[in-house]
Structure formats: C-alpha cells, structure tokens
Amino acid sequence: FFKAVQMAQGAVSIVDQKFVRSLGTKWTFDFKSHEALRDAGKLVYRDTFEDLAHGDNYVVFVSHQWLGYTEPDPFDLHYLAICRAISALCAEKHVDEDELYVWVDYVSIPQANKTLQLLAIESLAVYASLCSYFLVLAPNAVHVDTLKPCDASSYQRRMWCRCEQLCHALRNGTGRMWIATDTDECKQLGTMGLDWLKPLLR
C-alpha cells in the first residue's frame, strides 16, 4: 500500500478544463478517449510523483461510475455535471480557470494499450491523493446496459470509487472534496465529509 500511494507507475495524463468545456456534443462523438485527445495534442503529462505533487496547476480528480459497459457516459450526463461542477469550484475557490486541469479515467487512462492501462490503474491511489481537488460525480442516472440506477448510493458501493475517495481523504482530509449528485448542483462535502466517508470503512 505504501508503494501504491508514494510512486506513480506511469505518467499521469490531464486535460485543460477549458478544452473539455468547449467540446459540447463533440465530447461524445470525437474526443471521448485517451487516444483521441492524445492524437489531437490535448493531453498534458506529469511524469513523476513530484511533478504531480508540486506542479504549478490545479488538478481536479473526477471519480465516477460508468453508465455503460463500453461507454462511460453514453448520454453526456456526466459531461454536463463535470462542466457545471468546474464552474462552481472555480467561483467558490477563486481558482483561475486557465490554471485548472481535469483527470477523468477514460480520458486520462490509456484504453488501447493494456500494459500502459494497467500501469495507470495501479497508480490511481497516487493520482487521487495528489490532485488539488476531488470531485464525486454521482448524479441520478440509469445504466444503459443493466437498466439499474446509478446514483450516490451505487457510487458508494463501488470498490474503485471507495478506494479513490479514501486515498484523497487520508492524505488531504475532506476540505477539498466536492460532490455532484445532480447535473445542476455541486457542493463541498464540508461538515458532511466524515459522515459521507464512514460507510467506506465498513
């Protein structure tokens, strides 16, 4: 576990939030993968633990559950929530939008090369713990394949989501954690942070 939170197994890939927000429907059709953004020259890389820990830019780690087996966000529901959450975070924390980048799995983790993908997955604990802000993305939705609800409750049951939250909270506390349970609302965990995290320890 110590190694998992102290050393990145591969470079972390992040993307300028202004570019993400400019995509609109192109998010679905043109740019919803690591390789597509890489080929378009839109990814920014941090090669080491130190680069991510002491970089000049703010990074938001987006933690979410996929809404389809092969598509993370088939109807752009999460995309809309990300855009609105970023706006709320920047306004509340007076963060310069030019300095804010986003980490989100399908964009930031290689999809085509399975070796690189595994290295990135093995570095999730580092990425989650070192990012400036942590966004729980869990608006009410329905999984396109299973037709089961995907919401805050199902998010809290996912092993990876639980792990990501704990890695960030154990290093940073809950003060920089945000939650979006609706596409139109994003708020800091604030005083509810500990109550939100308690179920993760059961």
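F61 touches W103, L124, Y127, A128, C131, Y133, F134, L135 and E164, leaving aside residues up to four places away in sequence. Contact here means heavy atoms within 4.5 Å. This is a predicted model, in which local features need pLDDT of at least 70, side-chain atom pairs count only at pLDDT 80 or more, and totals for chains, interfaces and linings use all residues. Residues are numbered from 1 along each chain as its sequence is written, and side-chain values use heavy atoms, with hydrogens and water left out.

**Aromatic pairs**

A search of the whole structure finds five aromatic pairs. Rings of Phe, Tyr and Trp (its six-membered ring) pair if their centres lie within 6.5 Å; planes under 30 degrees apart count as stacked, over 60 as edge-to-face and the rest as tilted. The table gives two of the pairs.

| Pair | Centre to centre | Angle between planes | Class |
|---|---|---|---|
| F61 and F134 | 5.4 Å | 10 degrees | stacked |
| W103 and Y127 | 6.0 Å | 50 degrees | tilted |

F61 lies in strand β3 (residues 58-64) and F134 in strand β5 (residues 133-137), 73 residues apart. W103 lies in strand β4 (residues 100-104) and Y127 in helix α9 (residues 124-130), so this pair ties together parts that are 24 residues apart in sequence. Helices (H or I, at least four residues) and strands (E, at least two) are DSSP runs, numbered from the N terminus. Ring pairs link F61, W103, Y127 and F134 into a cluster.

Buried means under 20% relative accessible area, exposed over 50%, and partly exposed in between (1.4 Å probe, protein chains only). W103 is buried, with a relative accessible area of 0%. Y127 counts as buried at 2%.

**Cores**

A nonpolar core is a set of buried Ala, Val, Leu, Ile, Met, Phe, Trp, Tyr and Cys residues joined through side-chain atoms within 4.5 Å. The largest one has 31 residues. F61, W103, Y127, F134, V136, Y155 and W196 touch the most other members. Helix α9 gives the largest share of this core, six residues. A second, separate core of 27 residues includes L23, V62, V102 and C186.

**Strands**

Two strands pair if DSSP finds at least two bridges between them. β3 pairs with β4 in the parallel sense over five bridges. Here V59 stands opposite Y101. β3 also runs parallel to β5, again with five bridges. V60 has Y133 as its bridge partner in β5, and V62 stands opposite L135. Four bridges join β5 to strand β8 (residues 177-182), and these two run parallel. V136 stands opposite I179 in β8.

Six of the seven residues of β3 are buried, so this strand is largely enclosed by the rest of the structure. In β5, five of the five residues are buried, so β5 is largely enclosed too. Y133, L135 and L137 point one way from β5, while F134 and V136 point the other way.

**Helix α11**

Helix α11 (residues 159-172) has 14 residues. At 1.5 Å times one less than the number of residues, α11 should span 20 Å, and its end C-alpha atoms are 20 Å apart, which agrees. C161, R162, E164, Q165, C167, H168 and A169 are buried in α11. G173 follows α11, with a positive phi near 80 degrees.
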